[in-house]
Amino acid sequence: MRPDARLGAIANMSLERRAWNIRHKALRMGEVQGQGYIGQALGIADVLAASYFHALDYRPEDPEWEGRDRFLLSIGHYAIALYAVLMEAGILPEEELETYGMDDSRMPMSGMASYTPGMEITGGSLGQGLGIAVGMAMGLKRKGNGAFVYNLMSDGELGEGSTWEAAMSAVQHGLGNLINLVDFNDQQADGKSTAALARVPEEAKWVAFGWHTQRVDGNDMAAVVGALDRARAASGDRPRVIIFDTTMCKGVDFLETREITHFVRVEPDEWAKARAVLDEGMPQ
Amino acid sequence: MTLASMKRKYEPRTPAARGDGLTTSAMIASLAAEGYDTVAAPFGHALVDLARKNERIVGLSADLSKYTDLHVFAQAMPDRFYQMGMAEQVLISAAAGLAREGFLPFATTYAVFASRRAYDFIAMAVAEENLPVKIVCALPGLTTGYGPSHQATEDLAIFRGLPNMTIIDPCCADDIAGMVPAMAAHDGPVYARLLRGKVPRVLTRHKPDYKFQLGKAQLIREGGDVLIVSTGFMTMRALDAAEALAADKVDAAVLHVPTVKPLDTATILAEAGKGGRLVVTAENHSIVGGLGEAVAATLMRSGVTPRFRMIALPDAFLEAGALPTLHDMYGLSVAKVAERIRGWL
């Protein structure tokens, strides 16, 4: 059973509205700290909404339920976005939002497994999530557990050699229960990912490595849902990858156009403005 | 300096100059001193025995199962063995993932590759999470003549700095047989140095009731003049050197410290505090950051300050060559250990 089927009235909430809620919560957390990887959170909100309210099976009241689909945040700095969706899913209480990034908070700026319910791994040292996902998928197969392992990584991580060790390993071990989600926003710390190591069309690499490969617009909800459905339904034991082309700061136009968006600078007076822009586009 | 000037120059040598025809060898068998029985692949057999009782145990190797004795496990339990290929980063991160799913992964490679190449993965995917991943590594310290690419002379220093990590440097087949179940029983990550192939049985010959205990140093030999505090196969060297010293009426005690971290400081302090003895540490590791410095810090912090010396490898990239030659050159041979201790008395 998907959690939304148990949530009664709010089950009817559209995925677009879920994504809007995630963006809204992320902006509030960013405002609490006066900073944060808000650009990434706004960009990946649609993928997270579709993951947690369409694709994943989990129990909000029991985040470590053995039958859950595992969702790994390799990109630890996207924690602000994952906290938002964990709150939206009822895994984290929303009142903790105000503690984001503070001393003694369960929500540190970079995600860590030991801090937060629903945070499966400690990401942040980029290039580690997919390898851990490989091991978890191997373990689930060994246990006869039919859950999926999702790993959310960034296009910057495509430059890490360990990503490709894991990619080869997933095929070698027939991990059809592994779904890798790549957020391709073409931004990394020093500039464009396509100006660094992600030059070659990424689909071709994953196809060559033997993966079931899709590339879709990660800010088009129907496309995201369709890709997740196809990844889950694909037959055979090939691991699956979906490359999501996303726009940093999606939904807040004046931030989308900022040149440097890896760590987007938001002035103190701009948080309210950003929320106002978001409010204008609130879906039903 | 130009590249060319860094190259060694060839100097013609007569056969006699090559000594007694020793050849470069990665074989641990060449470490065995005269008179010790050997046991074949003690790690692989101990793991199979344990895995028959514990279904959570799985084995992984990065293309070095044959050279870490994990092939014994792979042959006995093929469905519980994962060949990870020549990819140490995913070897470790996948082991972390398996541990997250409730398994007890034993991951093997060479000590150089675990400590140098996979370190960040051991730190973040394993140790920071305190996951029960057991990392078992062949060719620790100076146990191969292949040169620095294969000689893990600084692995103890690297892993001693890592929180949550337990570190074992076994002396012999007795330690290896005992450490495998102890590693599995320990709820956390463990890095174990491995002696593979035909491994001498040393400790039970000197102390028939010896049993490996995780975290415990054990006195193997009593002696009133010198206390040798040793780990790994240097305990074998220490015991043999103690016999050589006995012929000179020098009475050497040997305290074996197979668990390098956490260090059994209580036992070390109790022994070092028994007045009047020269304390000598002995390890198959760089003089930087290994057992010797750990013992020195323990003594200084506690105000126990006997005369103190260290036997260890130099802070240098070591030469290639035949192991016995290298052990003599770098002071790990029985003769060199005994000679240095005589000089310090």
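In this predicted model, B:Tyr110 stands opposite B:Ala138, a residue of strand β5 of chain B. The pairing to which strand β4 of chain B (residues 104–110) and β5(B) belong is parallel and is made over 5 bridges.

**The other pairing of β5(B)**
- Strand β7 of chain B, which covers residues 190–194, runs parallel to β5(B), and 5 bridges join these two strands.

**How β5(B) is covered**
- Strand β5 of chain B spans residues 134–138 and is mostly covered, since 5 of its 5 residues are buried.
- In a regular strand, side chains alternate between the two faces of the sheet.
- In β5(B), B:Lys134, B:Val136 and B:Ala138 point one way, whereas B:Ile135 and B:Cys137 point the other way, and all of them are buried.

**The contact between chains A and B**
- Chain A gives 20 residues to the contact, while chain B gives 22 residues.
- On the side of chain B that touches chain A, α4 (88–100) and α6 (119–127) of chain B each supply at least two residues.
- The largest share of that side of chain B, 9 residues, comes from α4(B).

Notes: Residues numbered from 1 in each chain as written. Chains lettered and ligands numbered in written order. Predicted model: local features only at pLDDT ≥ 70, side-chain atom pairs only at ≥ 80, totals over all residues. Contact = placed C-beta atoms within 7 Å. Helix = DSSP H or I, 4+ residues; strand = E, 2+ residues; numbered from the N terminus. Buried ≥ 20, exposed ≤ 12 C-beta atoms within 10 Å, placed from the backbone. Pairing = 2+ DSSP bridges.
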